[in-house]
Each structure stands twice: as C-alpha cells, then as structure tokens.
Amino acid sequence: MVQRAAEKMHKLDFDDEVTGLIYGHAFRSGEPPARLNSQQVCLAYQTLPPGDGFIWLHLNLNHAAAEKWLKNHFAISDFFFHEIRHGSHTTRIERQGDDLFAVLNDVIFHPEDSNPETATLWLYCCRGLVVTVRHKPVRLIERLLGRLTALQLASSTELLAHLLEEQEDVLGRMRRMLLRFQRLLAPEPAALFRLLNRPPTWLSREVVQDLRQFTEEFTVVLNDLASLTERIRLLQEELGAKLMEQNNRTLYTLTVITVLALPINIVAGFFGMNVGGIPLASNHHGFILLVLLVGSFTLIAGYLAFRRRDES
C-alpha cells in the first residue's frame with residue numbers, strides 16, 4: 001500500500017509543465033481555490049489586489065527551468081534559492097525580513113528496506129504569495145490538497161499554519177508507531193534480569209553469557225529508541241509552540257486593527273447625532289480638521305502598537 005502511494009506521487013513528475021509547476025492555486029476571498037497553469041498563475045499574481053487572497057505555487061526542482069521561472073516572474077528573496085542549494089535540511093521555520101522561510105521533511109518507510117526514504121519541502125511565504133518546492137514528492141502536500149477546498153484559506157500564513165499542522169501530525173504518528181513497536185518487540189527487562197541472576201541449572205555457561213550479551217545490546221537499542229522518542233516529542237512541542245506563536249501574532253494584529261478603528265467609529269457616531277452644540281459645525285474646515293485629528297491619532301497608535309509587536 002505504501003509502495004502504491006509512493007508510485008502515485010512519483011507519477012506527478014511526468015505530468016509537470018516545462019516550468020516545473022506541479023500545482024498552482026489562486027485563493028480569493030469568498031471563492032473556492034482555483035487551479036491554474038503557469039501562464040494563468042503569472043497573470044493572477046500580477047492582477048491580484050493587495051490584501052485580497054494569495055497565490056500558492058508548488059514546484060518540482062528536478063526541472064532545470066523551475067528556479068529561473070520563479071526568479072523571472074515573482075518577487076522572491078535570493079535567500080530562498082541559496083537555502084535550497086546550500087542550506088540545512090533541518091525542519092525549522094524562521095523570519096527573513098518581512099517574509100517567512102520554512103523547511104519541512106517527510107519520511108516514507110519500506111518494510112523491506114532498512115533505509116527510509118526522506119523528502120524535503122522548502123517553503124517561502126510572504127504577503128500574497130506562498131511558494132513550496134521539492135525534489136521528491138512530499139505527502140504533506142498530497143494530504144493538504146485532499147482537503148484544500150474545505151479549509152477556506154484567507155491568507156498565506158493560514159496555508160503555512162496548516163502545513164505545520166500536517167508536519168506535527170507526521171511526528172505524532174511516528175512517535176506512536178515507535179512506542180507501539182517498542183512495546184511489542186522489546187523484552188521485559190525485569191524478567192531478563194531475573195533469568196540472568198538465577199538461570200536454570202541445566203543452562204550452560206556459554207548460553208548464559210550469550211543471554212547477557214543479548215541483554216546488553218538490547219538495552220543499548222532501547223536507550224536509543226527512548227532518546228529518539230524524546231527528540232520527536234521535543235520537535236512536536238516546538239512546532240506546536242511556533243504555530244501558537246504565529247496564531248497569537250495574527251490575533252494581536254486583528255485586535256490592534258479593531259482598536260484602531262474605534263476612534264473613527266466613535267467620532268462618526270457623535271457627529272451623526274441630530275442634536276445642537278456639535279463642535280466645528282459652523283467651521284468651513286471642520287470636516288478636514290476632524291479627519292486630520294482622527295487620522296493622526298490612528299497612525300500614531302498603529303505605529304506604537306506594531307513597533308511593540310516587532311520588538312517582542
């Protein structure tokens with residue numbers, strides 16, 4: 001079953017465009033995601049209104065034209081291409097100026113092969129654009145595509161958050177699998193030690209010595225499994241913390257925007273009352289003065305709020 005899934009993913013490489021584009025989607029407010037080809041993606045990116053949706057590109061780096069096509073048609077930092085060629089494959093997410101860069105990994109185990117197949121996904125996220133690239137098929141993308149329409153993504157950061165959730169789910173499954181295998185395959189240590197301390201009289205000394213050596217080797221393997229499980233747990237917690245931090249930043253931004261809109265709404269409410277004594281009612285420049293006053297307060301408050309967010 002795993003082999004059939006891997007073959008299905010590898011089949012995508014034979015259907016790619018000459019640009020290396022595997023999937024291209026345009027997300028707009030109130031509309032389902034639209035599947036686009038390379039020409040349609042370029043047009044949609046050029047005509048996309050600011051703040052109204054985003055474009056997601058998923059490319060195969062085995063195509064020689066993929067990087068060149070990205071550089072020629074999209075505003076992507078050179079740091080992203082440097083990381084693809086020379087950077088570390090360690091799973092991480094970091095900020096680069098006003099953009100986000102992430103590296104996600106996937107593992108496929110084959111029962112007949114002791115070496116698992118690994119695949120790395122590089123991700124670049126900025127306002128209005130998400131770019132994911134890979135050399136080998138990544139199941140994170142395939143699972144996300146299966147529920148893309150139901151997610152109703154409104155921003156590029158939401159897509160990044162869902163990919164991180166998929167990565168966390170992979171770690172959780174691997175951790176549960178390791179624990180299950182450890183319980184099934186590992187012998188009970190207490191029973192082994194009792195046997196070695198009081199072996200039956202008919203057991204030869206050579207057999208007892210072999211059992212002792214087996215116990216020592218099994219202890220080393222179990223310690224390695226425990227260390228690996230702990231490392232997976234720490235990675236899972238780190239991904240969860242980063243995802244929570246990103247959600248907190250988004251909620252903070254929405255809260256600030258809501259608070260900044262309060263003075264405008266309050267002033268509009270007061271001056272919309274049909275009562276006497278409204279200030280500046282007889283002043284020919286009253287409207288402009290109020291607009292300048294409310295606008296200045298909003299800009300100053302917004303600058304202070306967002307500067308505090310960046311410093312934190």
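**Close-up views of a predicted model**

View 1. Ile 232 is a residue of helix H9, which spans residues 205-271, in a structure that is a predicted model. With a relative accessibility of 5%, Ile 232 counts as buried, because the limit for that class is under 20% relative accessible area. When residues up to four places away in sequence are left aside, Ile 232 touches Leu 171, Met 174, Arg 175 and Leu 178. Glu 168 lies 64 residues from Ile 232 along the chain, and the C-alpha atoms of these two residues are separated by 9.7 Å.

**View 2. The chain as a whole, shown as the setting for the other views.** Ten helices and seven strands are assigned in the chain, which has 312 residues, 35% of them buried. Among the contacts in the chain with a separation of 6 or more, 60% are accounted for by residues 24 or more positions apart. The accessible surface of the chain amounts to about 19,700 Å², and carbon and sulfur atoms contribute 59% of this area.

View 3. Helix H2 runs over residues 38-47, and its buried residues are Ser 38, Val 41, Cys 42 and Ala 44. These residues lie on the same side of H2, because they cover an arc of only 165° around the axis. An α-helix has 3.6 residues a turn, so residues three or four places apart point the same way. The exposed residues Gln 39, Leu 43, Gln 46 and Thr 47 are carried on the face of H2 that is turned away from its buried side. The partners against which the buried residues of H2 pack are strand S1 (21-27), strand S3 (54-60) and helix H3 (66-73). At the start of H2, the backbone nitrogen of Gln 39 has a side-chain oxygen of Asn 37 within 3.3 Å.

**View 4. Helix H3, with its buried face and the elements that cover it.** Ala 66, Trp 69 and Leu 70 are the buried residues of H3. Seen down the axis of H3, these residues fall within an arc of 100°, so they line one face of the helix. Lys 68 and Asn 72 are exposed residues on the face of H3 turned away from its buried side. The cover over the buried residues of H3 includes S1, H2, S3, H4 and strand S7 (129-134).

View 5. His 25 belongs to strand S1 and is buried, its relative accessible area being 7%. Not counting residues up to four places away in sequence, His 25 touches Pro 33, Ala 34, Arg 35, Phe 54, Ile 55, Trp 56, Leu 145 and Leu 148. Asn 60 belongs to strand S3 and is likewise buried, with a relative accessible area of 2%. The side chains of Asn 60 and Asn 62 are joined by a polar contact of 3.1 Å.

View 6. Seven aromatic pairs are found when the whole structure is searched. One of them is formed by Trp 69 and Phe 74, an edge-to-face pair with 5.2 Å centre to centre and 70° between the planes; both Trp 69 and Phe 74 are buried. The rings of Phe 80 and Phe 101 also form a pair, and this pair is edge-to-face because the planes stand at 75°, with the ring centres 6.1 Å apart. Phe 80 lies in helix H4 (residues 78-86) and Phe 101 in strand S5 (residues 99-108), so the pair ties together parts that are 21 residues apart in sequence. Phe 80 is buried, with a relative accessible area of 0%, and Phe 101 is buried with a value of 1%. Phe 80 and Phe 101 belong to one aromatic cluster together with Phe 79, Phe 81 and Tyr 124. The ring of Phe 81 has the charged end of Lys 71 sitting over it, 5.0 Å from the ring centre.

Technical notes. Residues are numbered from 1 along each chain as its sequence is written. This is a predicted model: local features need pLDDT of at least 70, side-chain atom pairs count only at pLDDT 80 or more; totals for chains, interfaces and linings use all residues. Side-chain values use heavy atoms; hydrogens and water are left out. Buried means under 20% relative accessible area, exposed over 50%, partly exposed in between (1.4 Å probe, protein chains only). Helices (H or I, at least four residues) and strands (E, at least two) are DSSP runs, numbered from the N terminus. The arc is that of the directions from the helix axis to the C-beta atoms. Contact means heavy atoms within 4.5 Å. A polar contact is a pair of N or O atoms within 3.5 Å; within protein, one must be able to donate a hydrogen and the other to accept it, and residues adjacent in sequence count only if both atoms are side-chain atoms. Accessible areas come from the Shrake-Rupley method with a 1.4 Å probe; for residues, only the protein chains shown count as cover. Rings of Phe, Tyr and Trp (its six-membered ring) pair if their centres lie within 6.5 Å; planes under 30 degrees apart count as stacked, over 60 as edge-to-face and the rest as tilted. A charge sits over a ring if NZ of Lys or CZ of Arg is within 6 Å of the ring centre and within 35 degrees of the ring normal.
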